[in-house]
Amino acid sequence: MKFLVHTYGCQMNVRDSEAVESLMVAAGYEKAASEDDADIVIINSCTVRQKAEEKAVGKAGNMIAARKITGLMGCAVKRMGADVFKRLPKLDFAVGPRSFGLIPRIVSEGRFPRLELGDGLVPDSLSAHVDGGWQSFVTILLGCDNRCSYCIVPDVRGHEYSRPAREVLAEISALAKRGVREVCLLGQSVLRYGARNSVWDADEASPGGYTEPFPRLLEAISAVPGIERIRFTSAHPKGCTRELVRAYGEFPKVCRHLHLPVQSGSDRILSGMGRHYTRGEYLSAVRALRELDPEFSVTTDVIVGYPGETEEDFEQTRTLMDEAGFDNSFIFKYSPRPGTRSAALPDDVPAEEKERRDQVLLADQERRGLQRNSRLVGTVREVLVEGPSKRNPARLSGRDGGNRIVVWDAKDSPRPFASGAPARIRITQAHAQTLVGEAVD
Ligand code: SAH
Ligand code: SF4
């Protein structure tokens with residue numbers, strides 16, 4: 001029997017889907033080449049915004065109509081609970097975000113319909129990886145306890161739990177032995193690693209004298225042979241400490257990029273959201289990173305149209321974004337999620353106004369992205385090759401440490417080009433979202 005996993009949502013979901021693929025293959029199922037070819041389709045769902053949930057449910061409906069064995073996993077399942085079978089009466093199985101390790105057994109037992117919403121992890125399901133590739137996601141923290149007013153994630157992904165450092169390090173060493181060179185550590189709020197539960201054994205000491213669990217983890221991963229780049233996401237601004245900045249400065253493998261969702265530039269809105277930082281505190285965190293390295297890449301998430309967001313609040317967001325000089329940003333139109341605190345407030349910014357604010361911020365980011373990237377023209381970027389450029393296969397594409405996309409003429413580089421190989425590219429041209437250059441040496 002052949003299966004396929006279809007993923008919606010964030011990198012956490014991408015990672016969970018990869019684990020499911022690995023577990024399914026270990027259980028004797030074969031990965032299908034296409035949807036037509038699959039007997040079993042597993043859809044990993046997102047529910048952070050209403051639209052995301054509808055996409056996953058719609059896709060499941062199509063798969064049921066195509067007579068596949070259809071399963072839904074992930075965040076939308078947890079939100080809907082048993083109601084998922086009201087929306088999709090012929091769905092075969094549904095499993096919540098922490099129970100994906102049960103999927104191979106559910107499929108082989110074949111007793112449908114089946115619903116699993118438990119919070120207990122299936123042992124070892126977190127460290128299952130598909131072979132091949134030089135980049136890998138590694139989950140270090142599950143759930144979230146922050147409870148931002150608008151966010152449904154804590155309800156569906158459960159309480160915050162940090163995996164023990166020795167478990168994370170064993171997983172990364174094993175990946176490195178299989179050829180992985182770049183790891184991206186995942187969690188809703190990775191800088192809170194070790195805040196809720198202890199992660200280091202009492203007899204383990206930090207050679208560099210780090211006291212905070214997350215910088216210590218960066219230090220330990222830096223020492224894993226074979227790992228060349230360390231990334232992580234997502235980060236809550238409160239966790240951007242002096243030790244973290246010091247770790248960026250001391251560990252060259254730690255990429256100088258931070259995705260630091262700000263959500264709003266208005267103190268009034270930030271306080272209503274329960275974000276626990278001010279505009280000023282946020283900007284000083286960004287300043288510390290740019291003092292370390294003016295090219296430090298900072299990216300963000302912003303919500304427009306939060307309940308009660310006035311034109312003045314919105315202007316505050318615009319000016320903050322310019323002051324922070326974001327290298328990239330993701331703008332979301334507010335959508336109330338059932339059960340969250342802000343869902344009790346009137347969703348009073350009209351849809352057209354949300355759309356307008358979205359467009360304004362997107363246009364600002366185009367201009368700002370171009371400005372930021374223009375400063376890099378003439379510099380040489382250290383890039384790891386990802387493969388032919390999607391837009392133009394005569395070009396190769398890769399990313400620099402700042403997570404910036406860099407493209408260059410493939411004929412400048414030896415072929416066949418190994419994916420994951422390092423390249424040095426001199427930048428000749430800047431766009432808002434990409435850098436164009438030529439290979440040196
Ligand atoms: N844990 C991550 C974010 C997870 S959700 C963090 O805190 O950084 C990803 C993004 O979706 C958030 O940063 C936010 O900008 C957006 N988002 C979350 N809930 C939303 C909602 N109800 N409406 C619109 N956007 C939302
Ligand atoms: Fe949601 Fe806030 Fe947790 Fe991020 S930190 S997942 S936005 S509650």
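Helices are DSSP runs of H or I with at least four residues and strands are DSSP runs of E with at least two, numbered from the N terminus. This is a predicted model, in which local features need pLDDT of at least 70 and side-chain atom pairs count only at pLDDT 80 or more, while totals for chains, interfaces and linings use all residues. Residues are numbered from 1 along each chain as its sequence is written, chains are lettered from A and ligands numbered from 1 in the order written, and side-chain values use heavy atoms, with hydrogens and water left out.

**View 1. The whole protein, before we zoom in.**
Count up the secondary structure and you get 13 helices and 19 strands. The radius of gyration (over C-alpha atoms) is 22 Å, close to the 22 Å from the globule rule (2.2 Å times the number of residues to the power 0.38) for 441 residues, so the protein is as compact as a globular protein of that length. Its C-alpha trace spans about 60 × 55 × 55 Å along the principal axes. Of the 441 residues, 55% are buried (under 20% relative accessible area, with exposed over 50% and partly exposed in between, using a 1.4 Å probe and protein chains only). Take the contacts (heavy atoms within 4.5 Å) between residues at least 6 apart in sequence: 70% of them join residues at least 24 apart.

**View 2. Helix α8, tucked in among its neighbours.**
The buried set is F214, P215, R216, L217, L218, E219, I221 and S222. What do these buried residues of α8 pack against? Their partners are α7 (165-177), β10 (182-186), β11 (229-233) and α9.

**View 3. α7 alongside α8.**
The axes here (lines fitted to C-alpha atoms over the stretch in contact, with angles from 0 to 180 degrees between N-to-C directions) are 11 Å apart, and the two helices pack at about 30 degrees. That makes α7 roughly parallel to α8 (under 35 degrees; over 145 is roughly antiparallel, 65 to 115 roughly perpendicular and the rest oblique). The crossing of α7 and α8 is right-handed (near helix turned clockwise from the far one by less than a right angle; anticlockwise is left-handed). On the α7 side look for A165, V168, L169 and I172, which meet L217, A220 and I221 of α8. By class, this contact has 7 nonpolar, no polar and no charged residues (Ala, Val, Leu, Ile, Met, Phe, Trp, Tyr, Cys and Pro are nonpolar, Asp, Glu, Lys and Arg charged, the others, Gly among them, polar).

**View 4. α8 again, now with α9.**
The axes of α8 and α9 lie 9 Å apart, and the angle is about 15 degrees. The two helices are therefore roughly parallel to each other, and this crossing is left-handed. From α8 come F214, P215 and L218, meeting E243, L244 and A247 from α9. Sort the contact residues of α8 and α9 by class and you find 5 nonpolar, no polar and 1 charged.

**View 5. α9 meets α11.**
Helix α9 (residues 242-250) and helix α11 (residues 279-292) have axes that come within 10 Å and cross at roughly 20 degrees. That makes α9 roughly parallel to α11, and the crossing is right-handed. V245, Y248 and G249 of α9 make the contact with A288, L289 and L292 of α11. The class tally for α9 with α11 is 5 nonpolar, 1 polar and no charged.

**View 6. The loop residue T379 and its partners.**
T379 sits in the loop between α13 (351-374) and β15 (380-388). Skip its neighbours within four places in sequence, and T379 is in contact with E295, I425, R426 and I427. T379 and I427 are 48 residues apart along the chain, but their C-alpha atoms are separated by 5.8 Å.

Most residues other than glycine have a negative phi, and most peptide bonds are trans. The bond from F112 to P113 is cis, with omega near -10 degrees; P113 is in the loop between α5 (103-109) and β6 (114-116). T233 to S234 is also a cis peptide bond, with omega near 0 degrees, and S234 belongs to the loop between β11 and α9. R147, not a glycine, has a positive phi of about 55 degrees and sits in the loop between β8 (141-142) and α6 (153-157). Is H276 buried or exposed? H276 counts as exposed, at 56% relative accessibility, whereas R147, at 42%, counts as partly exposed. H276 has a positive phi too, near 65 degrees, in the loop between α10 (267-273) and α11.
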